[in-house]
Amino acid sequence: MKLIITSAVLLCSNFFIAQVKQDTIKSENIEAVTIVAKKPTVETKVDRTVFNVADSSILAGNTTWDVLRMTPLVSIDNNDVVKSEGENVTVYINDRKSVFTGKELKEYLKSLPADNLMKIEVITNPSSRYETTGQVINIVLKKREDEGIKGSVAFTNTQNTKNSQYSNLNLNYHKKNFTQTITGSYNDNTNVSSLKTENNLFQDNEQRLIDMQSVYHGKMPSVSSTSELELNDKNNIGVIFEYFQNKSDSENNSVGSVFKNGNPFNTYSINQNEASKYLVLNSNLFYKYYDKEKNRIFDVNVGFNYNGDRGDRHYLRNQSDLATPEYTRVFEDTQMRNYYVKLDYTQNLGSTNNTLETGVKFDFNNNYMPIDYFGYSSNILKNRFSYKDNLNAVYANYSTKFFEKLDVRFGFRYEYMTYKLHQENDDIKRDESYGKLMPNALIKYTVSPNFNVSTSYNYSIWRPWYSEFNPFELPTSEGNFYRGNMDLVPNPNHRFTMKFGVYKKYFLSLGYSFTNQDYWTDYIPEGNKLVSFPNNFLGKSERYSVNLNTNQTFFKNKFNVNVTVGINYQDNSDFNHRNNLNTKDYITNFSGSANFTYTNLFDKNINISGWAGVYRNNNGNSIGNTTNVFHNLSVTKIFDKIGLETSLQLNNIFLRPVFDRTTYSQAGTFRNINTSDWYGASLTITKRFGNQKVKENTKTDVEKNQGGGK
């Protein structure tokens, strides 16, 4: 392995030095010069940072999830929670809100080949159009425009601790006014991880030490179909169907020791085997009216989403104070159904400097969670939990411009929500409704062509996920227990930002946000059990942030470098005091990321790209103990004549990431050290056919260029 790494580094170094020499030699006999406009890899606008990756070599051998990890301002923790500038985000795909969150979002984005990506928009100041819970990430896919059939097929083999394979097929057919796109993929991957926990409870001075080893194997087929018909130059209709499945099995082996007042109290071992099947079916029928001359847009979207999650877990527990092993089993078959209707309208008022944007959405969820728990006795505990909600929203944004230098956008979003919770076993019900008005404002002043300043305010609300309400208690793989909390309430958040742009290359962003209550993980000892659950925490928590971003190009735009650094400072003194948390009142975090691409090395169609990210995992009442460094390096060779690409990628080969953080609660401290096999090498072979030209898959650039946002 050392020989491979050393050879790869030397090879890339020689390529780079040779290319620098070649690019600095100027030819004296130049007959003509052709200038081709090309978007910078990273564009920073007043309300968003755009990662343009359509023609970047960073796509080779990667999935959409991999490229999202490389996107400036974005970080992802060991629980697969996506954040931007340390804030919560909502993920959209082609301006459609994703039904996935957490690990499900990760697996779905891993099924989307990066070759389909046009750009990733990190919308740090979203308008009222978005169902925002903080910031927004919009993943924009390519749209083919040339007649005939075109597409690509790719195969990837990845060697980490275990071997994994990934393949995908993209087909596009365009004929006059009709476009049909089909994307299919199959992912067969195996992951190995380990977890060490050290739980120190104040009660009885108890200490719990747990060591767990896990192997996960998943098979994920997916198919996506988009049909679009242009009725005329202003009217389009279309339909989207998506299918995704993750059929997986995993094995976890845990060994635990319990001490009280420094004396051994108990030891145990747990073997868990789980087989699960996660199924997603989505459909979206849309109609779009677009008058480009008048910048008038009317969108209608009607959709249905179905998620099915079936899991069968088996636990075998050996314990020193029990004569015989304990066998338990948990069978779940969750059904999630979502229906929605969404109308959006945009129009200029008098001139292009005045834009009004309005819309409404009606959203219905019906989720059912049946669980059969074969516990420590012959009895079967049956839990039947249902969650229903209806979220209706109306929004309006108004954007205008004064003196050709001052851009203003202000808006509001009003949401009215009703929800019903019912645990049938104990006949526990909760039936509530509430309305929230969420204003936002953005002001940008262009001092000169090379300098501008902007400021914004956003009010957002983060709602609990439906499964976090379920109070039924279940065992976890490391030997503890988990349950939900039917008393959870939403978390409001106020956020202020100020951004400076200099020479369209340097961008400084300052942020301040605060909340007066939140819900995080809490713990409580019950006899010999340790139970975790989400809980409401009152108290003010304040966050200050500074982020600097720059994008530079060298050697005739062949070499592109983007660097982002950030510092976050949290004041949790009031929060910690009111919740009796014995942890740091003030937390300072440093984060940074950098990516580079070198295109057409030696004029031989060889591309080199790399990425590195530095992050620390602090979130709520959990404090990171280490700083992680992620990195990868890839080399791609393009064979134009035969439409073939080969790519070699090395992931985290110099330093393997370890997630180490401690959670503080009234019951004690809980440290988790998680190590995953996020390292190794992958080889990808891609075959393209047909004309590969694409166009922007967006409604209009006017909405974004004025800072109005979507």
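## Terms and basis of the model

A residue is called buried when its relative accessible area is under 20%, exposed when that area is over 50%, and partly exposed in between (1.4 Å probe, protein chains only). By this scale, N261 counts as exposed at 52% relative accessibility.

The structure is a predicted model, in which local features need pLDDT of at least 70 and side-chain atom pairs count only at pLDDT 80 or more, while totals for chains, interfaces and linings use all residues. Residues are numbered from 1 along each chain as its sequence is written, and side-chain values use heavy atoms, with hydrogens and water left out.

## Salt bridges

Side chains of opposite charge can pair when their charged atoms come close. With a salt bridge taken as a side-chain nitrogen of Lys or Arg within 4 Å of a carboxyl oxygen of Asp or Glu, the structure holds 30 salt bridges. One of them joins R129 to D344, with the closest N and O atoms 3.7 Å apart. R129 lies in the loop between β7 (117-123) and β8 (135-141) and D344 in strand β17 (residues 326-349), so this pair ties together parts that are 215 residues apart in sequence. Strands such as these (E, at least two residues) and helices (H or I, at least four residues) are DSSP runs, numbered from the N terminus. R129 counts as buried at 6% relative accessibility, and D344 counts as buried at 3%.

A salt bridge also links the side chains of E332 and R313, at 2.6 Å from N to O. Since E332 lies in strand β17 and R313 in strand β16 (residues 296-319), the pair ties together parts that are 19 residues apart in sequence. Both E332 and R313 are buried. In the salt bridge between R430 and E432, the closest N and O atoms are 3.0 Å apart. Here R430 counts as buried at 9% relative accessibility, whereas E432 is partly exposed with a relative accessible area of 35%.

## Nonpolar surface patch

Patches are made of residues with over 30% relative accessible area and no salt bridge, like charges being joined within 9 Å and nonpolar side chains (Val, Leu, Ile, Met, Phe, Trp, Tyr) within 5 Å. A nonpolar patch on the surface is formed by I149, L169, L171, Y173, F178, I182, V223, L229, L231, I237 and F689, which together have about 860 Å² of accessible area (Shrake-Rupley method, 1.4 Å probe; for residues, only the protein chains shown count as cover).

At least two residues of the nonpolar patch come from each of β11 (163-175), β12 (178-201) and β13 (206-230). Strand β11 gives the most, with three residues. L229, a member of the patch, has its place in strand β13 and counts as partly exposed at 34% relative accessibility.

## Strand pairing around β27

Two strands are said to pair if DSSP finds at least two bridges between them. Strand β27 (residues 529-554) pairs with strand β24 (residues 481-482) in the parallel sense, over two bridges; Y482 has S532 in β27 as its bridge partner.

The pairing of β27 with strand β26 (residues 506-526) is antiparallel and runs over 20 bridges, with N536 in β27 as the bridge partner of Y519. These strands, β26 and β27, form a hairpin with two residues between them, and G527 in the turn has a positive phi of about 65°. Strand β28 (residues 559-571) runs antiparallel to β27, to which 13 bridges join it; V561 in β28 is the bridge partner of Q552. A hairpin is formed by β27 and β28 as well, with four residues between them and a positive phi of about 55° at F555 in the turn.

## Loop residues

Most residues other than glycine have a negative phi, and most peptide bonds are trans. N94 has a positive phi, near 50°. This residue, N94, is placed in the loop between β5 (87-93) and β6 (96-97) and is partly exposed, with a relative accessible area of 26%. N261 is not a glycine either, yet has a positive phi of about 55°; N261 is found in the loop between β14 (235-260) and β15 (263-291).

S477 lies in the loop between β23 (474-475) and β24 and is buried, with a relative accessible area of 16%. Leaving aside residues up to four places away in sequence, S477 touches M212, N252, S254, I270, Q272 and Y315, where contact means heavy atoms within 4.5 Å.
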